[in-house]
Amino acid sequence: MALHVIVGKGPVGTTTAGLLAGRGHRVRVLSRSGGVSTDAVEHRRVDAADAGALAAAAQGADALYNAVNPAYHRWATDWPPVAAALLTAAERTGAVLVTMGNLYVYGSPTGPMSPDTPLAATDLKGRIRIGMWADALAAHEAGRVRVTEARAADFVGPQVPAAHSHLVRQLPTLRRGRTAWVVGDPDVPRSWAYLPDVASTLAALATDERAWGRAWHVPSAPPRSQRRALTDLAAAVGGPPARVRGVPWPVLRAVGLVSPMVREVVDVRHQFDRPYVTDASATTAAFGLTPTPWDEVVAATAGAVPATA
């Protein structure tokens, strides 16, 4: 059995750990808080910014997964040391480094985003992620490590906490028939990444050498606007037809004066006012991965909120 070491026990790390364990692999999850180990998944307390501790905890690993998720407004301070430590740990252990990426690197594209779309981000968060990938790719091309990266659209699914999902956080509102206030234009098309599909993609990239040395997109169902997605979810939770409105940007800018999190959202306004759609055809062609059908995604996500909520 291969040993897969996952750094981070948020939604991505936890879902990926469960998938790998279900396939019979040895799984070790490293996090700052640790956790309770089971026969299926071992937990250890490790600081992700400590390269020596990471390397020691990942000895013998076939794959090392970066599923870390720093606070949104702390990317500039928290990501550089963590990314460097993970790269060092991968080099010392010989494990394939599989990073959970995102779409920030593309900036404001004019069409669907594929892994071949230019990395044109000008905002701080996008430039941070571009730098992380550039460092990893340079180490790969120098023969020091083997790296790959999965990039996904906004997460959806019962595995995602409300605070981490534009859709999941609206479920109680939809059930009560109240207005769902969303960020940006409610009617522009968007891609949504179902967490089990994210985990399946990460596992495929870790175990197939064809994946190494480049980035891949997580397959997603055909794009849906926030209004359409929330309308589907409202029906699934048994609520009345969804009422969806966009929060005016002046209001968000005002809130951002006192909320670092909201201020960071305003900084990437283009992600919410223009189509934000992924093209994962290369992933499907190479590995045969296809997205979970949208109706199944909706049914599973709707189950994240009990009927009494």
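**Surface patch**

Val251, Val255, Leu257 and Val258 make a nonpolar surface patch of about 400 Å². Patches are made of residues with over 30% relative accessible area and no salt bridge, with nonpolar side chains (Val, Leu, Ile, Met, Phe, Trp, Tyr) joined within 5 Å and like charges within 9 Å. Areas come from the Shrake-Rupley method with a 1.4 Å probe, and for residues only the protein chains shown count as cover.

The model is predicted: local features need pLDDT of at least 70, side-chain atom pairs count only at pLDDT 80 or more, and totals for chains, interfaces and linings use all residues. Residues are numbered from 1 along each chain as its sequence is written, and side-chain values use heavy atoms, with hydrogens and water left out.

- Leucine 257 lies in the loop between helix H8 (249–256) and helix H9 (260–267); helices (H or I, at least four residues) and strands (E, at least two) are DSSP runs, numbered from the N terminus.
- Leucine 257 is exposed, at 70% relative accessible area; exposed means over 50%, buried under 20%, and partly exposed in between (1.4 Å probe, protein chains only).

**The sheet**

- Seven strands form an open sheet in the order E3-E2-E1-E4-E5-E6-E11, with parallel pairing; two strands pair if DSSP finds at least two bridges between them.
- E3 and strand E11 (215–217) are at the edges with a single partner strand each, so one side of each has no neighbour in the sheet.
- On average, neighbouring strands of this sheet are turned by 20 degrees against each other, direction ignored; the axes are lines fitted to C-alpha atoms, for helices over the stretch in contact, and angles run from 0 to 180 degrees between N-to-C directions.

- Strand E1 (residues 3–7) runs parallel to E2, and five bridges join them.
- From E1 the chain passes through helix H1 (residues 11–22) to E2 in a right-handed β-α-β crossover; right-handed means that, with the strands pointing away from the viewer, the path from the first strand over the helix to the second runs clockwise.
- Valine 5 is opposite arginine 28 in E2, and leucine 3 is opposite arginine 26 in E2.
- E1 also pairs in the parallel sense with strand E4 (residues 63–66), over four bridges, and histidine 4 stands opposite alanine 63 there.
- In strand E2 (residues 26–31), five of the six residues are buried.
- E2 is joined to strand E3 (residues 41–45) by five bridges, in parallel.

**Salt bridges**

- The structure holds 13 salt bridges, each a side-chain nitrogen of Lys or Arg within 4 Å of a carboxyl oxygen of Asp or Glu.
- Arginine 144 and glutamate 91 meet in one of them (3.2 Å, N to O).
- Arginine 144 lies in the loop between helix H4 (124–141) and strand E6 (147–151) and glutamate 91 in helix H3 (residues 75–93), so this pair ties together parts 53 residues apart in sequence.
- Aspartate 187 forms a salt bridge with arginine 227, with the closest N and O atoms 2.6 Å apart.
- Aspartate 232 and arginine 224 also meet in a salt bridge (3.5 Å, N to O); aspartate 232 is partly exposed at 25%, whereas arginine 224 is buried at 13%.
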